[in-house]
4 protein chains.
Amino acid sequence: MDYTIGKHQWAIAEGYIPSQSTGPEPDMTSHESACILNANNEDAEVKIHIYFDDKEPVGPYTIKVPAQRTLHLRFNDLKDPEPIPLDTDYASVFISNVAIIVQHTRLDSRQSENALLSTIAFPGNV
Amino acid sequence: MDYTIGKHQWAIAEGYIPSQSTGPEPDMTSHESACILNANNEDAEVKIHIYFDDKEPVGPYTIKVPAQRTLHLRFNDLKDPEPIPLDTDYASVFISNVAIIVQHTRLDSRQSENALLSTIAFPGNV
Amino acid sequence: MDYTIGKHQWAIAEGYIPSQSTGPEPDMTSHESACILNANNEDAEVKIHIYFDDKEPVGPYTIKVPAQRTLHLRFNDLKDPEPIPLDTDYASVFISNVAIIVQHTRLDSRQSENALLSTIAFPGNV
Amino acid sequence: MDYTIGKHQWAIAEGYIPSQSTGPEPDMTSHESACILNANNEDAEVKIHIYFDDKEPVGPYTIKVPAQRTLHLRFNDLKDPEPIPLDTDYASVFISNVAIIVQHTRLDSRQSENALLSTIAFPGNV
C-alpha cells in the first residue's frame with residue numbers, strides 16, 4: 001500500500017492550551033493535538049512553526065512520522081526550541097517532505113465535564 | 001437522482017476509542033464513527049486501512065454501502081481481520097470504487113456528560 | 001456586494017436527531033442544523049434529499065434562502081414531503097441554483113449538559 | 001519564512017452568540033471566535049460582512065492581522081459599525097488583501113459545563 005493521499009503544507013489557525021484540567025492525568029489533561037497520518041512508504045519529516053498574536057513566530061519544531069504510521073502529537077509535548085506557553089492564543093503551520101494529513105483536536109477539561117472539538121486542518125496547494 | 005458528489009479516497013487522521021463509558025448502552029457507549037454517504041446509483045465497496053503509531057497497518061476491512069444509502073459505521077464494529085484496540089491512537093484511509101462522502105464523529109462519555117466532535121474527513125484528489 | 005463564494009452542491013454524511021432533550025425548549029432541544037449562507041444578490045432555491053441506511057431516499061424538500069441572507073435550518077423543521085424520523089441515522093445532499101455555503105451543527109442535550117459538534121459540509125465540484 | 005498558505009475569501013455559515021454564560025469571565029463567557037492566521041510577510045487587512053436571516057447585511061468591519069501573527073477574534077468584540085446582536089442567527093464572509101486561514105470556534109457555557117465546536121471555515125477560490 002502506498003497511498004499518497006495528503007498535502008505537504010497544513011495550517012491550524014486555532015490554538016490554546018488551557019492551564020487548568022479536571023480528571024485523571026494524562027487522559028483528562030486539557031490538551032491540543034495535531035493528529036498526523038503518513039500513509040506513504042517513506043518517513044515524514046515535519047517542521048512546525050508556531051504563530052502568536054503579539055510576538056515573533058517560534059520554530060521550526062521538527063518531528064518524525066515514520067512511513068505508514070500515525071502520530072497524535074500533543075502540542076504540550078513540543079519542547080525544542082521552547083515549550084508553547086499555556087493560556088495563550090497561537091496558530092501553527094506544518095511543512096512536510098511527503099504528503100500527510102493533519103487533523104486538529106482539543107480536549108478541554110477546565111470545567112468538570114470534558115469538551116471536545118476537532119476539525120481537519122487547512123491543506124495548502126501542494 | 002444520480003449525484004456523483006464525493007471522492008474515491010478519504011482519510012481520518014484522528015482515531016481513539018475510549019474503553020470507558022457513562023450512560024445507557026449502546027447510545028451512550030463511547031464510540032468513533034465514520035458516516036458514509038453513497039449517493040450514486042451503484043453500490044459502493046469500501047476498503048478501510050487502519051494505521052497505528054507503533055505497528056504495521058491493519059486491513060483492508062471491506063464494507064458495503066448500497067446505492068443511495070448512508071452507513072454510520074462504528075469503528076467498534078470492525079471485526080475482520082481484527083478488532084481495533086481500545087484506548088489506542090489510530091488513523092484510517094478509505095478507498096471506494098465509487099464516489100462517496102465520509103464524515104468523522106466521536107461520542108466520548110468517559111466523564112458523566114457526553115462530548116461530541118465531528119469533522120468532514122480529508123478527501124483525496126480522486 | 002455580490003460575493004459568489006460557495007458551491008451549488010453540498011453533502012452532510014452525518015445526521016441523527018435525538019428524541020430526548022434536557023433543558024428549556026426550544027433553545028436546548030436536541031437538534032441538527034444546516035446553516036446556509038446565500039451571499040449572492042439572487043435568491044437561492046435549495047433542494048434537499050435525505051438518505052437512510054435501510055430505505056429509499058426522501059425528497060426533495062425545497063427551501064428558499066433570500067439574497068444576502070442566512071438560514072439556520074433545523075432538520076426537525078422539515079415537514080414536506082414528510083418529517084425526518086427521530087433516533088435514526090440519515091445523511092443529506094443539498095442542490096442549489098446559486099452558490100451557497102453549508103455548515104452542519106448538532107446540539108445534543110440528551111444528558112444534562114449539552115454537547116456541540118460542527119463541521120463545514122462537503123462541497124461538490126460545482 | 002513566507003508561507004503563502006491560505007485564501008483571500010472565507011465564509012462561516014454558522015453564527016450564534018448566546019447571551020447566557022456559566023463560569024468565570026472572560027474565559028468562560030459564551031463566545032464565537034474566528035481564529036485568523038496571517039503567515040505572510042505582509043500585514044493583512046480583513047473586511048468582515050455579517051449576514052442575518054431577516055435583515056440586510058452589516059459591514060464591513062475592518063480588522064488588521066499583522067504579518068506573521070494570529071488573531072483569535074471574538075465576534076462579541078466587533079463594535080464598528082455596530083455590535084452583533086446576541087441570541088441571533090448570523091453568518092460571516094471575510095475578504096482579505098493577502099492569503100489568510102480562518103477557523104471557526106464556539107464556546108457555549110449556557111449550561112453548567114462548557115461545550116465546544118470548531119471547524120475550518122469555507123475557503124473561496126482565491
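**Strands and burial**

Guide: A:Ala11 stands opposite A:Phe122, a residue of strand 8 of chain A. The model is predicted, so local features need pLDDT of at least 70 and side-chain atom pairs count only at pLDDT 80 or more, while totals for chains, interfaces and linings use all residues. Residues are numbered from 1 along each chain as its sequence is written, and chains are lettered from A and ligands numbered from 1 in the order in which they are written.

Visitor: Which strand of chain A does strand 8 join, and in which sense do the two run?

Guide: Strands (E, at least two residues) are DSSP runs, as are helices (H or I, at least four), numbered from the N terminus. Two strands pair if DSSP finds at least two bridges between them. Here strand 8 (residues 122–123) of chain A is joined to strand 1 of chain A by 2 bridges, and they run antiparallel.

Visitor: How many helices and strands does chain A have?

Guide: Chain A has 0 helices and 8 strands. Of its 126 residues, 51% are buried.

Visitor: What joins strand 3 of chain B to strand 4 of chain B?

Guide: A hairpin does, through 5 residues. Strand 3 (residues 44–52) and strand 4 (residues 58–65) of chain B pair in the antiparallel sense over 6 bridges. B:Lys47 has B:Thr62 of strand 4 as its bridge partner.

Conventions
Buried ≥ 20, exposed ≤ 12 C-beta atoms within 10 Å, placed from the backbone.
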